[in-house]
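This report goes through one structural model, element by element. The sequence and coordinates are shown first.

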Amino acid sequence: MTDTIPGYTKGTPAVTPAPTSMAELAELCDVLLWTEDDSAALQRAREVLADQVEEILDLWYGYVGSKAPLVATFAGPGGDPDPHYLAAVRARFGRWILDTCSPPYDQAWLDYAHEIGRRHARAAKGRTDGVESPSAVVPIRYLVALIFPITST
């Protein structure tokens, strides 16, 4: 995976600054009982996952593709999944796996996490890839529901 992924803008001026401060991120980490040991474990996970990203994406895309409400969020104007959109998001999703496991969790990381959130909401859904999707948002209920299937696989 390279940093030449279309639409991957972490660390660039194209990213909208996060409204969440680093102090608020620290508070959230405290509530989560997050420690330096957790950050170190994620960094070790990156080393393990780095050569398995495509297999992970195959598994996740198979799962998402088997759930009508989830695959509908990748629809183009006609209502069918847009293959260009799916491919573009896949490349960034693979990079997200590695970024999630890559400290430092600094302002650039926080800003890009916010950008990913924007891309799931009306603020930017489909805009990165020029897709006018009938699904203006990825409903939060599905994002929350995906936590277990995504992290358990």
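Is Arg-90 buried or exposed? Arg-90 is buried, with a relative accessible area of 17%, where buried means under 20% relative accessible area, exposed over 50% and partly exposed in between, for a 1.4 Å probe and protein chains only.

The model is predicted, so local features need pLDDT of at least 70 and side-chain atom pairs count only at pLDDT 80 or more, while totals for chains, interfaces and linings use all residues. Residues are numbered from 1 along each chain as its sequence is written, and side-chain values use heavy atoms, with hydrogens and water left out.

Arg-90 lies in helix 5; helices (H or I, at least four residues) are DSSP runs, numbered from the N terminus. Leaving aside neighbours within four places in sequence, Arg-90 is in contact with Glu-54, Leu-57, Asp-58 and Tyr-61, contact meaning heavy atoms within 4.5 Å.

Helix 3 (residues 53-65) and helix 5 (residues 83-100) pack at an angle of about 125°, and their axes are 10 Å apart. Axes are lines fitted to C-alpha atoms, for helices over the stretch in contact, and angles run from 0 to 180 degrees between N-to-C directions. The angle makes helix 3 oblique to helix 5; under 35 degrees counts as roughly parallel, over 145 as roughly antiparallel, 65 to 115 as roughly perpendicular, and the rest as oblique.

By class, the contact of helix 3 with helix 5 has 11 nonpolar, 1 polar and 3 charged residues. Here Ala, Val, Leu, Ile, Met, Phe, Trp, Tyr, Cys and Pro count as nonpolar, Asp, Glu, Lys and Arg as charged, and the others, Gly among them, as polar.

**The nonpolar core**

Which residues of the largest nonpolar core touch the most other members? Of its 15 residues, they are Val-53, Leu-57, Trp-60, Phe-74, Tyr-85, Val-89 and Ile-97. A nonpolar core is a set of buried Ala, Val, Leu, Ile, Met, Phe, Trp, Tyr and Cys residues joined through side-chain atoms within 4.5 Å. Helix 3, helix 5 and helix 7 (140-152) each give two or more residues to this core, and helix 3 gives the most, with 6 residues. In soluble globular proteins, nonpolar side chains tend to be buried together.

Val-89 lies in helix 5 and is buried, at 18% relative accessible area. Beyond four places in sequence, Val-89 is in contact with Tyr-61, Phe-74 and Asp-129. Ile-150 is placed in helix 7 and counts as buried at 14% relative accessibility.

**Loops and helix 2**

Leu-33 lies in the loop between helix 1 (22-31) and helix 2 (36-49). Leu-33 has a positive phi of about 65° although it is not a glycine, and is exposed, with a relative accessible area of 69%.

Gln-43, in helix 2, is partly exposed at 41% relative accessible area. Not counting residues up to four places away in sequence, Gln-43 touches Cys-101 and Pro-103. Pro-103 is joined to Pro-104 by a cis peptide bond, with omega about 10°. Pro-104 is in the loop between helix 5 and helix 6 (107-118) and counts as exposed at 52% relative accessibility.

**C-alpha separations**

| Pair | Along the chain | C-alpha to C-alpha |
|---|---|---|
| Val-89 and Ile-5 | 84 residues | 9.7 Å |
| Gln-43 and Thr-12 | 31 residues | 23 Å |
| Pro-104 and Asp-82 | 22 residues | 34 Å |
| Ile-150 and Asp-38 | 112 residues | 18 Å |
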